[in-house]
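Look at the structure below with its sequence beside it. The paragraphs that follow go through its helices, its core and its charged pairs in turn.

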Amino acid sequence: MPEDHQKYLEWNGDRFRKWAERIGINTYTAVNAILTSKGVEQQTYRSCMGLLKLAEKYSDALLEAACKKALSYTASPSYKSIKNILVTGSDKLASKTTDTKTTQKARGITRGADYYRR
């Protein structure tokens with residue numbers, strides 16, 4: 001077997017699950033869903049390796065947040081959906097909007113009911 005192909009022999013589902021477990025529970029759940037999404041587990045190794053590369057490019061915390069957001073949409077997220085969340089930054093956007101909602105003051109009707117009774 002050529003050298004480039006020999007590195008694929010090291011890949012297995014347990015290795016990806018252990019790696020994902022070190023990052024967080026949401027990443028573990030997403031990787032497990034990806035590994036069980038196909039009939040043959042080896043067909044999902046590239047997607048799992050892609051997630052590994054996303055953790056290197058962004059960070060473990062951002063990947064965990066993206067997996068959490070993807071899992072809120074579906075029980076079986078894909079690599080592409082998690083990558084899109086990271087690229088668009090929608091995981092950060094969601095956390096910012098919840099922060100701003102709590103800091104804004106609630107504004108009521110300032111004129112009162114008598115103003116509208118003409």
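This is a predicted model: local features need pLDDT of at least 70, side-chain atom pairs count only at pLDDT 80 or more; totals for chains, interfaces and linings use all residues.

**Helices, core and salt bridges**

The buried residues of H5 are Leu63, Glu64, Ala66, Cys67, Lys69 and Ala70. Cys67 has a relative accessibility of 0%, and therefore counts as buried.

From its first C-alpha to its last, H4 reaches 18 Å with 13 residues, close to the 18 Å expected at 1.5 Å a residue. Its buried residues are Tyr45, Cys48, Met49, Gly50, Leu51, Leu52, Leu54 and Ala55. Cys48 counts as buried because its relative accessibility is 0%. What do the buried residues of H4 pack against? They pack against H2, H3, H5 and H6.

In soluble globular proteins, nonpolar side chains tend to be buried together. Here the largest nonpolar core has 23 residues, and those that touch the most other members are Phe16, Trp19, Val31, Leu51, Leu63 and Ile82. At least two residues of this core come from each of helix H2 (13–23), helix H3 (25–35), helix H4 (45–57), helix H5 (60–73) and helix H6 (79–88). Which helix gives the most to this core? It is H4, with seven residues.

When its neighbours within four places in sequence are left aside, Phe16 is in contact with Trp11, Val31, Leu35, Tyr45, Cys48 and Met49.

Next come the charged side chains. How many salt bridges does the structure hold? It holds three. In one of them, the side chains of Arg17 and Asp14 meet at 3.9 Å, N to O. Arg17 and Asp14 are three residues apart in helix H2, so about one helical turn separates them. An α-helix has 3.6 residues a turn, so residues three or four places apart point the same way.

Arg17 also forms a salt bridge with Glu41, with the closest N and O atoms 3.8 Å apart. This pair links distant parts of the chain, since Arg17 belongs to helix H2 and Glu41 to the loop between H3 and H4, 24 residues apart. Is Arg17 buried or exposed? At 16% relative accessibility, Arg17 counts as buried, because the limit is under 20%. Glu41 has a relative accessible area of 26% and is therefore partly exposed.

The side chains of Lys53 and Glu56 meet in another salt bridge, at 3.9 Å, N to O. Both residues lie in helix H4, three residues apart, which is about one turn of the helix. Lys53 counts as partly exposed at 46% relative accessibility, whereas Glu56, with a relative accessible area of 55%, is exposed. As for the bridges that share partners, they join Asp14, Arg17 and Glu41 into one network.

The cysteines come last. A disulfide is a covalent bond between the sulfur atoms of two cysteines. How many disulfides does the structure hold? The number is zero. Cys48 and Cys67 are buried at 0% relative accessibility.

Note on methods. Residues are numbered from 1 along each chain as its sequence is written. Side-chain values use heavy atoms; hydrogens and water are left out. A nonpolar core is a set of buried Ala, Val, Leu, Ile, Met, Phe, Trp, Tyr and Cys residues joined through side-chain atoms within 4.5 Å. Buried means under 20% relative accessible area, exposed over 50%, partly exposed in between (1.4 Å probe, protein chains only). Helices (H or I, at least four residues) and strands (E, at least two) are DSSP runs, numbered from the N terminus. Contact means heavy atoms within 4.5 Å. The expected span of a helix is 1.5 Å times one less than its number of residues. A salt bridge is a side-chain nitrogen of Lys or Arg within 4 Å of a carboxyl oxygen of Asp or Glu. A disulfide is a pair of cysteine sulfur atoms within 2.5 Å.
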